[in-house]
Amino acid sequence: MHPTRRPPALPDPTRRRTGIALGAALAAGLAPAGALWAQAPAWPARPVKVVVAFTAGGTTDILARAVTQKLTEKLGQPFVIDNKPGGGGNIGTEMVVRAPADGYTLIVNSVGPMAVNQTLYKNLPYDPLKDLVPVVQIADVPNVLVVHPDVPAKTFEEFIAYAKANPGKLSYGSTGVGTSSHLSSYMLSQRIGADTLHVPYKGANALNDLLAGRLQFMFATIPSVIQHIRAGKLRAVAVSSEKPSRSLPGVPTVASKGFPGFAAGSWFGFFAPRGTPQAVVALLNRSVNEVLPSLEEQMVREGADPVGGSAEQFGAFTQREYEKWKEIVRSSGATPE
């Protein structure tokens with residue numbers, strides 16, 4: 001006897017319906033993000049918005065515009081700067097945190113919003129270290145200790161001696177409480193044991209008063225004062241970086257003058273909203289690294305040291321900066337105005 005033959009299996013209608021539903025889901029955009037990204041046009045397929053959380057004309061803005069111009073030329077789509085100042089950089093930073101993680105909203109940010117503000121401002125509604133992903137560092141911009149020509153100090157050692165001999169008589173300006181310019185001067189005053197007065201300003205007003213002689217000294221970013229130094233309107237006595245700045249050859253570091261470990265300054269780089277496709281992060285990182293050499297001479301002339309490197313290196317650096325500034329902010333007792 002032959003075994004009983006079973007009739008051919010009919011198509012399972014539920015499987016067919018499932019296949020139709022999956023196809024409809026794909027068509028409706030309900031597929032996983034990775035699947036959709038694989039089918040999307042290569043990035044960038046349209047203009048990219050690059051937020052700067054500070055006013056136009058500042059160091060962050062100048063560096064961002066220089067690099068984005070090169071990226072526009074290289075990648076064939078406009079990289080458009082969008083200045084969103086306010087809240088010490090918090091307004092623009094939060095805007096990018098809340099933006100779609102599709103690669104079309106980025107931010108060029110700096111030490112304040114990324115490493116200082118989380119400690120300075122209580123109850124920030126986001127965590128910059130978790131809600132933004134590092135892409136690439138653009139530049140390191142040391143602060144330079146500048147004094148008004150009326151101050152009888154031509155060297156760092158003479159400045160220290162003068163500050164100690166005149167307790168309470170030296171005032172320094174800053175671009176605001178908790179900013180790099182404020183905390184750098186605070187750190188130095190603590191290390192040398194000098195009684196100095198902090199006068200916080202908004203924006204460039206501190207530099208204007210220093211030039212007018214109403215302030216005696218200030219830690220300022222090199223790009224903001226390098227022309228005044230060259231013109232003899234201000235005297236540079238030390239830089240705050242670990243290594244001497246190529247922009248100010250011959251000006252010593254604070255660390256080399258008996259204060260090991262003293263390092264304070266500004267740095268700048270690209271960040272993207274958490275969840276931005278890794279392919280975008282990798283392409284942007286590679287592109288910035290490729291355009292930085294063409295900007296090196298200009299950046300050094302204007303007071304910045306180009307950096308570059310991997311996204312992982314930038315992330316580790318940002319975390320170290322946060323840990324360092326957290327302790328300094330707490331020690332200073334600084335609170336936002």
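Predicted model: local features only at pLDDT ≥ 70, side-chain atom pairs only at ≥ 80, totals over all residues.
The residues concerned are Asn90, Gly92, Thr93, Val96 and Val97, which are buried within helix 4 (residues 90–97). Seen down the helix axis, these buried residues fall within an arc of 165°, so they line one face of helix 4.

**Overall architecture**
- The secondary structure of the protein chain consists of 12 helices and 10 strands.
- The chain has 337 residues, of which 49% count as buried.
- Among contacts with a separation of 6 or more, 79% are between residues 24 or more positions apart.

- In soluble globular proteins, nonpolar side chains tend to be buried together.
- The largest nonpolar core holds 46 residues, and Phe156, Leu188 and Trp325 touch the most other members.
- Helix 12 (residues 311–332) provides the largest share of this core, with 6 residues.
- Leaving aside residues up to four places away in sequence, Trp325 touches Val111, Ala115, Val116, Leu183, Met187, Ala264 and Gly265.
- A second, separate core comprises 34 residues, including Val67, Val135, Val136 and Leu292.

**Helix 10**
- Ile222, Val225, Ile226 and Ile229 are the buried residues of helix 10 (residues 222–230).
- Around the axis these residues cover an arc of only 130°, which puts them on the same side of helix 10.
- The elements covering the buried residues of helix 10 include strand 4, helix 9 (205–211), strand 7 (217–221), strand 8 (235–239) and helix 11.
- Gly232 follows helix 10 and has a positive phi, near 80°.

**Thr276**
- Thr276 is located in the loop between strand 9 and helix 11 (278–302).
- With a relative accessible area of 9%, Thr276 is buried, because the cut-off for that class is under 20%.
- The side chain of Thr276 reaches the backbone oxygen of Pro273 at 2.6 Å.
- Beyond residues up to four places away in sequence, Thr276 touches Ala101, Gly103 and Val281.

Key. Residues numbered from 1 in each chain as written. Heavy atoms only, no water. Buried < 20%, exposed > 50% of the residue type's maximum accessible area, 1.4 Å probe, protein only. Helix = DSSP H or I, 4+ residues; strand = E, 2+ residues; numbered from the N terminus. Arc of directions from axis to C-beta. Polar contact = N/O pair within 3.5 Å; in protein donor to acceptor, adjacent residues only side chain to side chain. Contact = heavy atoms within 4.5 Å. Core = buried A, V, L, I, M, F, W, Y, C linked by side-chain atoms within 4.5 Å.
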